[in-house]
Amino acid sequence: MIVRPYLHRVRGRVFNLLHQAGIGTDGAAEVATGTSDEEAIAAVVAAQPDVLLIPFHAHHDEAGEQLDGLTLCRRLGEVGSVAGIPVLMPVTRMAAASLRLMSVTGEHASVHRELLTTRVLVLADEALDDPVTAARVLTHLRSHGVRADPSSA
């Protein structure tokens, strides 16, 4: 499942990365642009995916509320049935700086820091095509019980 769309160029690179790691993407579902966190969480709960692909980029929902991928991950962690789903989070350099800041400042800094060291694997945009990144993805997903599909590689 893909939570919140992002550039198809990036999506294609991430899907290629997942295929290199032996993770299938057939049937991946995307939550529409402008979807609130509540609706995104409901979609994840209904789908019960093995992996979440949540880009960080900050944006606004249809009601004008600011949203970002790390806050969504924190909120998903509060929902028992989906709290342990591993997350892959593609980020730009600017987003990576925001992630670091969120993990050291603010009301939820300690939770964000824990997410970034346990459940969320940050994928730097410039490293998406690096074979080493595919190995990191596979290691991360295996540590959360996700098995590679040999027919996907």
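1. How many residues does helix α6 have, and how far does α6 reach from its first C-alpha to its last? Helix α6 covers residues 131-143, which makes 13 residues, and its end-to-end C-alpha reach is 19 Å, close to the 18 Å expected at 1.5 Å a residue. That expected span is 1.5 Å times one less than the number of residues in the helix. Helices here are DSSP runs of H or I with at least four residues, strands are runs of E with at least two, and numbering goes from the N terminus.

2. A word on what you are looking at. This is a predicted model, where local features need pLDDT of at least 70 and side-chain atom pairs count only at pLDDT 80 or more, while totals for chains, interfaces and linings use all residues. Residues are numbered from 1 along each chain as its sequence is written, and side-chain values use heavy atoms, with hydrogens and water left out.

3. Thr 133, Ala 134, Val 137, Leu 138, His 140 and Leu 141 are the buried residues of α6. Down the axis of α6, these buried residues fall within an arc of 165 degrees, so they line one face of the helix; the arc is taken over the directions from the helix axis to the C-beta atoms. Buried means under 20% relative accessible area, exposed means over 50%, and partly exposed is in between (1.4 Å probe, protein chains only). The face of α6 turned away from the buried side carries the exposed Pro 131, Val 132, Thr 139, Arg 142 and Ser 143.

4. What covers the buried residues of α6? The cover includes α1 (8-20), β4 (87-91), α5 (109-118) and β5 (120-124), with contact meaning heavy atoms within 4.5 Å. Just after α6, Gly 145 has a positive phi of about 85 degrees.

5. Now the sheet. It is open, has three strands in the order β1-β4-β5, and the pairing is parallel. β1 and β5 stand at the edges with a single partner strand each, so one side of each has no neighbour in the sheet. Two strands pair if DSSP finds at least two bridges between them. Strand β1 (residues 52-53) is joined to β4 by two bridges, and Leu 53 has Leu 88 as its bridge partner in β4. Five bridges join β4 to β5; Val 87 partners Val 120 and Pro 90 partners Leu 123.

6. Is β4 covered on one face or both faces? Both are covered: Val 87, Met 89 and Val 91 are buried on one side, Leu 88 and Pro 90 on the other. Five of the five residues of β4 are buried, so β4 is largely enclosed by the rest of the structure. Helix α1 lies across β1, β4 and β5, and runs at about 135 degrees to β4. For that angle, axes are lines fitted to C-alpha atoms, for helices over the stretch in contact, and angles run from 0 to 180 degrees between N-to-C directions.

7. Then there is α2 (37-47). Its buried residues are Asp 37, Ala 40, Ile 41 and Val 44. Viewed down the axis of α2, they fall within an arc of 100 degrees, so they line one face of the helix. Their cover includes β1, β3 (66-67) and α3 (69-76).

8. Ser 36, in the loop between α1 and α2, is buried at 13% relative accessible area, and its side chain reaches the backbone nitrogen of Glu 39 at 3.1 Å. Just after α2, Gln 48 takes a positive phi of about 50 degrees, in a residue other than glycine. Gln 48 sits in the loop between α2 and β1 and is partly exposed, at 38% relative accessibility.

9. Last, His 60 in strand β2 (residues 59-60). At 47% relative accessibility, His 60 is partly exposed. His 60 and Gly 34 are 26 residues apart in sequence, with 6.4 Å between their C-alpha atoms. Leaving aside neighbours within four places in sequence, His 60 is in contact with Gly 34, Glu 65, Gln 66 and Leu 67.

Key:
Polar contact = N/O pair within 3.5 Å; in protein donor to acceptor, adjacent residues only side chain to side chain.
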